[in-house]
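I opened this model to look up how its chains meet, and I kept notes as I went along.

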Amino acid sequence: MNKRKDLLLAFKKSLAIMPGYIVVGIGFGVMMSDAGYSWIWCLAMCIFIFGGSMQYAAVGLLSGGASVLTTAIITLTIHARQFVYSLAMLDRYKGMGWVKPFLIFRLSDETFSIVSNESSLPAKVDRKTFYVGVTFFDEMWWIIGCVAGGLIGPIIPFDTTGVDFAMTALFIVIFIEQWRGNREHRPALTGLAVTFASLLMFGAEKFLIPALIVIISVLIALKKRIEKAEALKENRRTEN
Amino acid sequence: MINVPYSILLIAVMSGVSALLRFLPFIIFHEGRETPQIITYLGKYLPPALIAMLVIYCFKSVSIVSRPHGLPEFIAAALVAILHIWKRNTLLSIGAGTICYMILIQFVFV
């Protein structure tokens, strides 16, 4: 009974991801069909790669005839953040049993933004049901989008240029939600400032890995201060 | 027209590297081990920093120096932020922002 309620909550949370995923997924499918790949390839890439930015990059690699080494290096660059997401989910995914590999391999930017946002969860929710639900529904939206794009790509009647902005809009929304849910804003501000500086210094192709490294270093350097500030705020809250 | 064995090889490489990155932390800090305190701390405070990183990531290809100077992106992004702070309706914020952006780049800043 409660499990059904938790699944419903997971479904509602994934609805926020749906428009972005379907639209960006269709964009991917259209690109693939332009490159000569049918919807079966789209489906295979959803299952084996699973990652929007990586799948977009993959179209270019495949049609450009990239080497195995280049492909490995680009995957490493774009999916380095997956390593960090897994790091951040270590404790929360403890004791998940046989579904754990599924949760890990199907963790995307968007799923991460939901399952890592502790403050948006009701206290009574069954974590395992909720995590599996969000991960599963998000993946379904993504597959539906990618396959639909592969199928209808060649026959879309209007210009779809710019639909990929749905993903940007989604991250802005998630950022605002996170900001509201957290009392401590230094991590978010660090992320903004460091990534922006890294983009200016290293350019659009190479800024992600330096940004990740510096963000982690700054957060570690701020550890004492952030924990002290949180303890203070917690005290003030309980006193009032 | 497409080279099937080559395509499968490339997808396998991407899949393998991606899986390795995702599973490695869980292999290093397996469940039998106590998670180090610093990792628990990062688990709590990294997420908001990474979401912030993704917001910037979305604007990586925007050029401020050449026309239209990133105006469509910034107008649409501002609309999303204002709508969301005001109405707090995710579908509305994303839908309106995306349609606004499409109109801007297809009809206004052409």
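**Conventions.** I am working with a predicted model, in which local features need pLDDT of at least 70 and side-chain atom pairs count only at pLDDT 80 or more, while totals for chains, interfaces and linings use all residues. Residues are numbered from 1 along each chain as its sequence is written, and chains are lettered from A and ligands numbered from 1 in the order in which they are written.

**Interface.** I looked up the contacts between the chains (C-beta atoms, placed from the backbone, within 7 Å) and found 60 residues of chain B in contact with 74 residues of chain A. On the chain B side, helix 1 (4-28), helix 2 (37-58), helix 3 (71-87) and helix 4 (90-108) each supply at least two residues; I take helices as DSSP runs of H or I, at least four residues, numbered from the N terminus. Helix 2 of chain B gives the most to this side, with 20 residues.

**Helix pair in chain A.** Helix 6 (residues 80-89) and helix 12 (residues 208-221) of chain A pack at an angle of about 25 degrees, with their axes 9 Å apart; the axes are lines fitted to C-alpha atoms over the stretch in contact, and angles run from 0 to 180 degrees between N-to-C directions. I therefore record helix 6 of chain A as roughly parallel to helix 12 of chain A, a label for angles under 35 degrees. A:Ala80, A:Arg81 and A:Val84 in helix 6 meet A:Leu208, A:Ile209 and A:Leu212 in helix 12.

**Backbone of chain B.** In the loop between helix 2 and helix 3 of chain B I found B:Pro68, and the peptide bond from B:Arg67 to B:Pro68 is cis, with omega near 0 degrees. B:His69 is in the loop between helix 2 and helix 3 of chain B, and its phi is near 60 degrees, a positive value in a residue other than glycine. B:His69 is partly exposed, with 13 other C-beta atoms within 10 Å.

Key:
Contact = placed C-beta atoms within 7 Å. Parallel < 35°, antiparallel > 145°, perpendicular 65-115°, else oblique. Buried ≥ 20, exposed ≤ 12 C-beta atoms within 10 Å, placed from the backbone.
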